Amino acid sequence: MPTTPPTLPEAAAAGIPLHVPTAHQWLTATTGRIAPDGYSWMQAVCWAHLDNTYRPTRGHGPQHIGDTTLRVAVELARLAPCRPGVDYLVRVLKLSKRTIQYHLGILREAGLLTYQAKGTRVRGEGGRASEFIWTIPTAFDTALHLITRVCDRYIRALQGIADEGRATMKRLAKMARKLMRRPRRSRPTAPSGKRPSNAPRCTPMEGGSSTSSSAATTTSPSESKLETGNRHAPAPKKSRKARQLNAVGRRHQLAYELIQQVPWLHRAAVPRIAWVIQDVADAGWTAEEVIAVINEQAPTRTVHRPSGFLARRLAGAHRRFDTPAKRQALVTWWRDSREAERARHVEWEGAWQAPRSRAVTRLVRQAINAVRHTDAPAVRPVEQDDQDLTGGQLQVLRETAHQAFLAGDTGLVTSTVAFRGRAEAERIYGAELVGRVLRLRSASSHLKVGAGL
């Protein structure tokens, strides 16, 4: 395949550049349509490779969709769901980690991949890879004269193709089929101790023991080879169908997925959770939809009985969200909410636990006692430089603290109150903001959600 691919005349006539900003690289904000399978998606990737209109905004790394991008895309097209880890792609493709990251970014910026869930860390499991959705950009539909219609599942579904784009579509289909064809495995060579099957079975009769005689190459074939047909033809293998889960199996599968993804369910028993979620499992719910319903109410930090808490949150949920559209709207709300972002990292922010080692415990106890007996002043004296703040500097500090308070971060004001006192904090940030922060802190300090379960 050439390094600089030829451009398609249809794509050049469309004149639509391939570049998707970071804010539109999520499933909820994409303008493309979801590919129904990996083969259809590979046709769009091949078109973007031949179109050659994509240019990244960065000044380093690969500058176009090349052969390496096609290799990465072929591996992504074989994954369902498309949740590749960078280490997995490095091991399979024999490429560097930075190269894999470059070409994943190229596919996202070209509108061919969109985030469904961004990678994060899970306590006890390590890093979790990002999950992508195969998407086909609008420029592809325009360049190939495709006719689409609105569809709830795929955003837009393919309805037909005009005569002008049929030749290009056949070319892209042939190219995608060739790329996705797996290479044949070569036969292993015979060990040195074994005699090859095509070697002469005996010493030639024309005298001498050298096997290099011309008689060795003119041996008669065996009788089995002279017969018509093949007696030892292998029987055709029957394709094994995928095992279909019944209702009970579906409940246990959904329960296992929830136990793996919800932190406070990690020690729960799969059969018990399967019994709790039987209504939503029979209705065809996914683990993501169940998690969205669980977090529909206020978040929790203390759960005494996981099965009872789960049953309380799912009570009547299969009747309230009885259609896939309602459940998808709930999942979209959960992904965009601030609680979902906080829940991805809350497992790393638990309460401190004492170390198991006795030696470490003794050192920690000595450090705590040393801190308790230190005669340090509770309030740090106000420095002279802080008293000389101008009006413009005070205004900047107040606006920064106000924006942090609106985002849910009160650390800037509370740390100033703790070190310098309330009077100095009110002089810097204003009495109204300091009062609101302290009232919010006192009101939320005694809250404990889920304590009755």
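## Model confidence

The protein chain has an average pLDDT (the predictor's confidence in each residue, from 0 to 100) of 75, and 69% of the residues score at least 70. This is a predicted model, in which local features need pLDDT of at least 70 and side-chain atom pairs count only at pLDDT 80 or more, while totals for chains, interfaces and linings use all residues. Residues are numbered from 1 along each chain as its sequence is written, and side-chain values use heavy atoms, with hydrogens and water left out.

Helices (H or I, at least four residues) are DSSP runs, numbered from the N terminus. The pLDDT stays under 50 over residues 375–385, for which the model has nine contacts (heavy atoms within 4.5 Å) beyond four places in sequence. Where pLDDT is low, the predicted coordinates should not be read in detail.

## Crossing of α12 and α15

The axes (lines fitted to C-alpha atoms over the stretch in contact, with angles from 0 to 180 degrees between N-to-C directions) of helix α12 (residues 287–294) and helix α15 (residues 324–336) come within 9 Å and cross at roughly 65°. The two helices are therefore roughly perpendicular, a class that covers 65 to 115 degrees.

Helix α12 contributes E288, E289, I291, A292 and V293 to the contact, and α15 contributes R327, L330, V331, W333, W334 and R335.

Key. Angles under 35 degrees count as roughly parallel, over 145 as roughly antiparallel, 65 to 115 as roughly perpendicular and the rest as oblique.
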